[in-house]
Amino acid sequence: MTEAWGPDDDKPRRFAGPVKVRVPSKINLHLGVGPLREDGYHELNTVYHAISLFDELTARRGDTLTLTMEGEGAGELALDDSNLIIRAARALAARGRVPAHARLHLRKSIPLAGGLAGGSADAAATLLACDLLWGTGFSREELAEIGAELGSDVPFLLHGGTALGTGHGESVSPILARPTTWHWVLAIADGGLSTPEVYRELDRLREGPWPPAALENADELMTALRQRKPEVLGATLANDLQPAALSLRPALADVLKAGYDAGAVAGIVSGSGPTCVFLAADGAHAEQVAAELTEAGVCRSVVTARGPMPGARVT
Ligand code: ATP
């Protein structure tokens with residue numbers, strides 16, 4: 001795998017042929033959720049982490065805008081104007097004042113509504129692929145600005161790595177740490193959870209005495225990231241949405257327990273769920289935890305992944 005470009009100054013201006021972009025999914029190592037703001041968003045303090053479960057988007061020249069797909073969610077996910085890929089292509093074309101003409105094909109591995117930001121990942125991949133196909137020449141920052149209008153996680157998925165997200169998640173700053181690879185095991189659920197519904201459930205739970213509505217920052221986790229010890233990182237993983245996801249899907253408690261029983265260092269619901277993500281000590285340990293978790297039969301499938309990974313990249 002070669003990365004066609006990294007920093008913006010290396011970015012080629014235009015591709016004549018098909019442009020293939022690989023984009024990672026994300027987990028949140030820390031997801032602090034503040035009270036509901038007047039604009040309908042919750043204030044977030046989150047640590048994003050891009051992992052090696054990828055979608056792949058190919059953009060070819062065409063006379064109209066079309067989308068086809070294979071893999072996770074094929075036959076289920078609408079391919080019309082509601083799809084974030086189509087919305088991203090149209091937003092880019094409008095900003096670049098070019099016709100939104102492309103044949104797009106998605107190979108999807110990121111489960112739908114899984115708390116792994118698959119839709120935002122696809123939007124990020126589309127912005128990059130179409131920018132190169134159409135020669136609109138936007139910088140990664142400009143693409144992130146267009147992406148923020150489509151979904152809070154899109155800017156992060158253009159950048160990748162491990163990063164602090166503030167605002168409603170759209171404002172991203174990289175976290176510089178010594179290079180360390182973390183090993184994860186993902187328990188993929190049958191059926192998704194709607195992100196807005198999980199936030200509504202959190203607001204409902206917060207009307208009672210618990211859980212608190214205070215926005216916790218990620219300082220402890222950021223210190224732990226620098227120590228490069230799985231047990232130290234594991235102790236600081238936190239997700240304010242977890243009680244809400246568990247309230248809507250109580251069976252997730254069994255998945256978390258099965259992960260710990262399988263020897264995981266730590267486990268947490270990923271974002272709004274229902275995917276559960278477990279930290280392993282190393283690659284071999286991840287395989288072992290994955291095998292035991294599969295044996296437990298508490299979820300649809302189990303995959304291992306590494307992080308951090310770069311954001312959307314041309315392959
Ligand atoms: P997040 O964590 O960003 O809230 P998620 O991982 O829980 O998201 P996604 O798979 O990103 O969930 O998508 C949520 C919903 O967005 C889907 O149920 C679907 O209706 C809609 N959607 C639109 N376009 C896409 C796409 N290309 N891929 C996935 N979902 C899409």
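The legends below describe close-up views of a predicted model.

Because this is a predicted model, local features are given only where pLDDT is at least 70 and side-chain atom pairs only at pLDDT 80 or more, whereas totals for chains, interfaces and linings use all residues. Residues are numbered from 1 along each chain as its sequence is written, and side-chain values use heavy atoms, with hydrogens and water left out.

**View 1**
The chain is divided into domain 1 (3–175) and domain 2 (182–307), with bounds that come from an automatic or database domain assignment. Taken over C-alpha atoms, the centres of domain 1 and domain 2 are separated by 23 Å. Across the boundary, 31 residues of domain 1 are in contact with 36 residues of domain 2, where contact means heavy atoms within 4.5 Å.

**View 1. The largest nonpolar core.**
A nonpolar core is here a set of buried Ala, Val, Leu, Ile, Met, Phe, Trp, Tyr and Cys residues joined through side-chain atoms within 4.5 Å; buried means under 20% relative accessible area, exposed means over 50%, and partly exposed lies in between, with a 1.4 Å probe and protein chains only. The largest nonpolar core has 71 residues, of which Val 47, Leu 104, Leu 127, Trp 134, Trp 184, Leu 186 and Leu 233 touch the most other members. Helix 2 (residues 118–134) supplies the largest share of this core, eleven residues; helices (H or I, at least four residues) and strands (E, at least two) are DSSP runs numbered from the N terminus. Because domain 1 (3–175) and domain 2 (182–307) both give residues to this core, it lies between them. Apart from it lies another core, of 28 residues, which includes Leu 44, Ala 187, Val 198 and Val 255.

**View 2. Surroundings of Leu 186.**
When its neighbours within four places in sequence are left aside, Leu 186 is in contact with Ile 51, Leu 53, Leu 116, Thr 275, Cys 276, Val 277, Ser 301, Val 302, Val 303 and Ala 305.

The ligand is surrounded by 20 residues, the closest being Ala 113, Gly 115, Ala 117, Gly 119 and Thr 195, and a residue is counted here if one of its heavy atoms lies within 4 Å of the ligand. A polar side-chain atom of Asn 83 lies 3.0 Å from a nitrogen atom of the ligand, while a polar backbone atom of Gly 115 is 2.9 Å from an oxygen atom of the ligand. A backbone N or O atom of Gly 118 lies 3.3 Å from an oxygen atom of the ligand. Taken alone the ligand exposes 610 Å², of which the protein buries 75%; accessible areas come from the Shrake-Rupley method with a 1.4 Å probe, and for residues only the protein chains shown count as cover.

**View 3. Lys 108 and Asp 122.**
Lys 108 lies in strand 4 (residues 102–108) and is buried, with a relative accessible area of 5%. The side chain of Lys 108 makes a polar contact with the side chain of Asp 122 (2.9 Å), a polar contact being a pair of N or O atoms within 3.5 Å; within protein, one must be able to donate a hydrogen and the other to accept it, and residues adjacent in sequence count only if both atoms are side-chain atoms. Leaving aside neighbours within four places in sequence, the residues in contact with Lys 108 include Asp 55, Met 69, Glu 70, Gly 118 and Gly 119.

**View 4. Asp 81 and Arg 90.**
Asp 81 is found in the loop between strand 3 (65–71) and helix 1 (84–96). The side chain of Asp 81 makes a polar contact with the side chain of Arg 90 (3.3 Å), and, beyond neighbours within four places in sequence, Asp 81 is in contact with Ile 86, Arg 87 and Arg 90.

**View 5. Backbone geometry in the loops.**
Most residues other than glycine have a negative phi, and most peptide bonds are trans. Ala 117, in the loop between strand 4 and helix 2, has a positive phi near 60° and is buried, with a relative accessible area of 13%. Arg 228, in the loop between helix 6 (219–227) and helix 7 (230–236), also has a positive phi, of about 60°, and counts as partly exposed at 33% relative accessibility. A cis peptide bond with omega of about 5° joins Gly 273 and Pro 274, and Pro 274 lies in the loop between strand 9 (266–269) and strand 10 (276–280).
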